[in-house]
Amino acid sequence: AEDLTGLAGAWASPKGGRHDEQIVEAFHRLQLSGRTQLTIGAQLILNPSDAPEHDAVGVFSVRFRITF
């Protein structure tokens with residue numbers, strides 16, 4: 001396996017009268033060995049419907065994966 005970089009976008013229309021939100025996500029996966037990966041990522045949520053007092057919310061993630 002190889003390293004991988006990705007970029008995605010989404011538009012969500014929640015039910016219950018909440019407003020639409022937009023999401024942009026980017027990640028990079030490092031193949032550390034044949035069975036281990038480290039993925040770092042970031043999401044930007046614009047007009048978050050669950051946090052209407054904010055214009056944007058950032059979510060950052062780190063994941064370590066072992067397969068066997």
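In which strand does leucine 46 lie? Leucine 46 belongs to strand β3, which covers residues 36-46; strands here are DSSP runs of E with at least two residues, numbered from the N terminus. The structure is a predicted model, in which local features need pLDDT of at least 70 and side-chain atom pairs count only at pLDDT 80 or more, while totals for chains, interfaces and linings use all residues. Residues are numbered from 1 along each chain as its sequence is written, and side-chain values use heavy atoms, leaving out hydrogens and water.

Strands of a sheet pair through backbone hydrogen bonds, either parallel or antiparallel. Here 4 strands form an open sheet in the order β1-β2-β3-β4, with antiparallel pairing; two strands are taken to pair if DSSP finds at least two bridges between them. At the edges stand β1 and β4, each of which pairs on one side only. From one strand to the next the twist averages 15°, based on axes that are lines fitted to C-alpha atoms, with angles running from 0 to 180 degrees between N-to-C directions.

The pairings can be followed in order across the sheet. Strands β1 and β2 are joined in the antiparallel sense by 9 bridges, and tryptophan 11 has glutamine 22 of β2 as its bridge partner. Next, β2 and β3 pair over 10 bridges, again antiparallel, and they form a hairpin with 4 residues between them. Within this part of the sheet, phenylalanine 27 stands opposite glycine 41 in β3. Glycine 41 also has a bridge partner in β4, namely serine 61, and the antiparallel pairing of β3 with β4 runs over 11 bridges.

Glutamine 31 counts as buried because its relative accessibility is 17%, where buried means under 20% relative accessible area, exposed over 50% and partly exposed in between, using a 1.4 Å probe and protein chains only. The side chains of glutamine 31 and glutamine 37 are joined by a polar contact of 3.0 Å. Such a contact is a pair of N or O atoms within 3.5 Å; within protein, one must be able to donate a hydrogen and the other to accept it, and residues adjacent in sequence count only if both atoms are side-chain atoms. A polar atom of the glutamine 31 side chain also lies 3.4 Å from the backbone oxygen of threonine 36.

Leucine 7, found in strand β1, counts as exposed because its relative accessibility is 70%. Leucine 46 is partly exposed, at 32%.

How many salt bridges are counted? The count comes to 1, a salt bridge being a side-chain nitrogen of Lys or Arg within 4 Å of a carboxyl oxygen of Asp or Glu. Aspartate 50 and arginine 18 form a salt bridge, their closest N and O atoms being 2.2 Å apart. This pair links distant parts of the chain, 32 residues apart: aspartate 50 is in the loop between β3 and β4 (56-66), and arginine 18 is in the loop between β1 (4-12) and β2. Aspartate 50 is exposed at 64% relative accessibility, whereas arginine 18 is partly exposed at 36%.
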